[in-house]
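Subject: Structure handover

Hi,

Here is the structure you asked for. My notes follow it.

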Amino acid sequence: MPDCKWFLITQQSCKGTSTKIGVSHPDHSAASITKTSLVSAAMDSDLENLRLKAQNLDAAGRIQFMKGLRDLQLSIETPADTLNRYSGLHLEVAGTRVGGDLGLFELLSSSAPAPLGVQELASKTGAAPLLISRIARYLASIGTIAETGPGTFTANSITKTLAEPGYKGCIRHFFDNCGPVFQALPEFLAEVKYQDVTDSAQTAFQKAFSTDLPAFMWFPTQPEQFNHFQQAMTVQGRQGTQWFTAFPFEKEASDMATRETVLVDVGGGFGHQSARLLEAFPQLAGKLVVQDLPATFAMLPPPAQGLLSKDSPIKAQPHDFFTPQPVKGARFYYLRNVLHDWPDDKCVEILRNLADAFGPQDQPSHILIDEMVLPDQGVPWQATTLDLTMMGALASRERTVGEWHDLLDRAGLKVLRIDTYALDKRDSIIQVGRK
Ligand SMILES: C[S@@+](CC[C@H](N)C(=O)[O-])C[C@H]1O[C@@H](n2cnc3c(N)ncnc32)[C@H](O)[C@@H]1O
């Protein structure tokens, strides 16, 4: 009896009540011309219009648009939707890590646009066909890969992103390094009776990894995890406006020809920020120094290994920023995402070491802090997420404009100008000089 296949389409109201708005039948096209299918066609066209609109937005408009879409989505959630959303949060990064471990993103990206079937994926990854089909359909359901038909999959733009080593490192960093900290955070905060976290040796990180060491002493003892962390840093800010286009770099470094060192990239990781700067200003060859822990330089990936050669245009110098700065009188000491790793008293130590290396008044040095400057209200979720990650792992924080002023004041320094260049996380360049 055909009627048994008819199913009721209901619309869930915000209060969780259901209203019958139409009926549909999978086998009868005429029957599908119901109020529901009309609504669905109109919705498809609305969504297509939104997609087209998004393509024409500039960076700021795109961010505003994504915030609007997110707010809209949350505002129409039913309690069941809310529950479903939370139920999948942990799995999303775990499942994506599995996809990365299997090399699924590289496989699909290299064969795209041709799709790959389950049997092919199984034979290329060594996974059982049933298992890989379940992983692949899960990843397709969360938008990480695209499903082209029953049991066939291809790469979408997200797959291609995740196929790149730096982004793969990010997923490993989020899962392997941040995940355990987030798991330990609630219990840790209860144990400290919800008091401020200010000691980098007493955080959820120590609980998560059963260590007494602060994160940046522990990481060098764990090369694989440290490597994921460093890989993650290389892709942050790769897209979008570069800091030296928002900050008037060329004007502020107008005497670069006469400077021995123009910029020291302090705690500069794999030197990716210096490399981007050199690409924009080739005349800086030989005038850039990147400093970091010896353990960081020991794991430089192949594209960055040139940093270690004698004729590299960027000099790699192992240096601990809690010790006196060896490069004196550089035009700039650049700190990207370094101070947000440390509580205030440690930041003051780092800053004083740099200020002690400043050049004389006729050849002034400045510090460029490349970090978030949080507004007092309406802090975006991307920034609050990092703020709590910093608290959980490092007893540190993202800072508001007032907090930056206070911190710099404690180090005998002052803000000269602030240029915000990325609206999602409010990344900004704070130019800092002596008080
Ligand atoms: C959050 S990462 C930022 C890396 C890079 N500046 C960037 O923005 O991509 C912090 C960096 O500080 C380095 N670091 C931590 N402690 C350090 C120390 N005592 N001396 C020098 N570098 C250190 C880490 O190895 C890491 O590369």
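Helix H6 buries Ile-132, Ala-136 and Leu-139. Buried means that 20 or more other C-beta atoms lie within 10 Å of a residue's own; exposed means 12 or fewer, and partly exposed is in between, with C-beta atoms placed from the backbone. Seen down the axis of H6, the buried residues fall within an arc of 65°, so they line one face of the helix. That arc is taken from the directions from the helix axis to the C-beta atoms. An α-helix has 3.6 residues a turn, so residues three or four places apart point the same way.

This is a predicted model: local features need pLDDT of at least 70, side-chain atom pairs count only at pLDDT 80 or more, and totals for chains, interfaces and linings use all residues. Residues are numbered from 1 along each chain as its sequence is written.

More on H6. Helices (H or I, at least four residues) and strands (E, at least two) are DSSP runs, numbered from the N terminus. Exposed Leu-130 and Ser-141 sit on the face turned away from the buried side of H6. Cover for the buried residues includes helix H3 (79-101), helix H5 (118-125) and S5. Contact here means C-beta atoms, placed from the backbone, within 7 Å. Just after H6, Gly-143 has a positive phi of about 85°.

Next, the sheet. Three strands make an open, antiparallel sheet in the order S3-S5-S4. Strands S3 (116-117) and S4 (146-149) stand at the edges with a single partner strand each, so one side of each is left without a neighbour in the sheet. Two strands pair if DSSP finds at least two bridges between them. S4 and S5 (residues 152-154) have three bridges, in the antiparallel sense. Ala-146 stands opposite Thr-154 in S5.

Now the ligand. It is surrounded by 17 residues; Phe-216, Met-233, Gly-267, Gly-269 and Arg-336 are the closest. Near means a C-beta atom, placed from the backbone, within 6 Å of the molecule.

Last, Ala-393. This residue is found in helix H17 (residues 381-394). Ala-393 is buried, with 27 other C-beta atoms within 10 Å. Leaving out residues up to four places away in sequence, Ala-393 touches Val-181, Thr-203, Phe-205 and Ala-215.

Best wishes

Terms used: Two residues are in contact if their C-beta atoms, placed from the backbone, lie within 7 Å.
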